[in-house]
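Please open the structure in the viewer and keep the selection panel at hand. The stops below are given in the order in which they may be selected.

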Amino acid sequence: MLDNGTAYTANRVLEFITQLTDLKFARAHHGDDKPHVERFFGTLITHFLETYPGYMPKRFSRNSAEAKEIGKKKLWTFDEFERELKNFLDDYNHREDLNETR
């Protein structure tokens with residue numbers, strides 16, 4: 001029996017990510033070593049996670065009224081999240097403005 005705790009969820013996310021790319025670990029706190037990775041995660045945050053129901057940016061106080069409203073939103077299941085992330089990556093990587101510069 002599984003409780004879908006954070007360790008279980010993290011393992012599912014890791015499995016999903018390894019299907020997308022080979023994992024290579026960079027030195028901690030050296031963003032200049034991995035600019036493409038930093039850009040990828042920045043894009044995920046600004047263009048995908050900020051549209052995720054229940055996403056709460058770091059700038060929010062967890063006790064604010066706005067944070068409490070966000071906390072009431074229905075979250076996606078892991079399968080829904082995975083589907084939406086795949087759709088986002090496909091749409092983002094095939095957008096017209098990207099193809100015009102190639």
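Begin with the charged pairs: a search of the whole structure finds one salt bridge, a term that denotes a side-chain nitrogen of Lys or Arg within 4 Å of a carboxyl oxygen of Asp or Glu. Select R83 and E84, which form a salt bridge with their closest N and O atoms 3.4 Å apart. R83 counts as partly exposed, at 44% relative accessibility, and E84 is partly exposed as well, with a relative accessible area of 26%. Here buried means under 20% relative accessible area, exposed over 50%, and partly exposed in between, with a 1.4 Å probe and protein chains only.

The model is predicted: local features need pLDDT of at least 70 and side-chain atom pairs count only at pLDDT 80 or more, while totals for chains, interfaces and linings use all residues. Residues are numbered from 1 along each chain as its sequence is written, and side-chain values use heavy atoms, leaving out hydrogens and water.

Next, display the whole protein as a cartoon. It has five helices and zero strands, these being DSSP runs numbered from the N terminus (helices: H or I, at least four residues; strands: E, at least two). Buried residues make up 19% of the 102 residues.

Now select V37, F40 and F41, which form a nonpolar patch on the surface with about 260 Å² of accessible area together. Such a patch joins nonpolar side chains (Val, Leu, Ile, Met, Phe, Trp, Tyr) within 5 Å, from residues with over 30% relative accessible area and no salt bridge; areas come from the Shrake-Rupley method with a 1.4 Å probe, and for residues only the protein chains shown count as cover. F41 is found in helix α2 and is partly exposed, at 43% relative accessible area.

Helix α2 also holds I45. I45 is partly exposed, with a relative accessible area of 36%.

Finally, which residues lie nearest the centre of the second largest pocket? They are R39, F40, T43, Y92 and N93, among eleven lining residues. The elements that give two or more residues to this lining are α2 (35-48) and α4 (78-93), and α2 gives the most, with five residues. A pocket is an open set of points on a 1 Å grid over the protein atoms alone where a 1.4 Å probe fits, with protein on both sides within 12 Å along at least five of seven lines; lining residues have an atom within 4 Å of a point.

Terms used: Patch = residues over 30% accessible without salt bridge, like charges linked within 9 Å, V, L, I, M, F, W, Y side chains within 5 Å.
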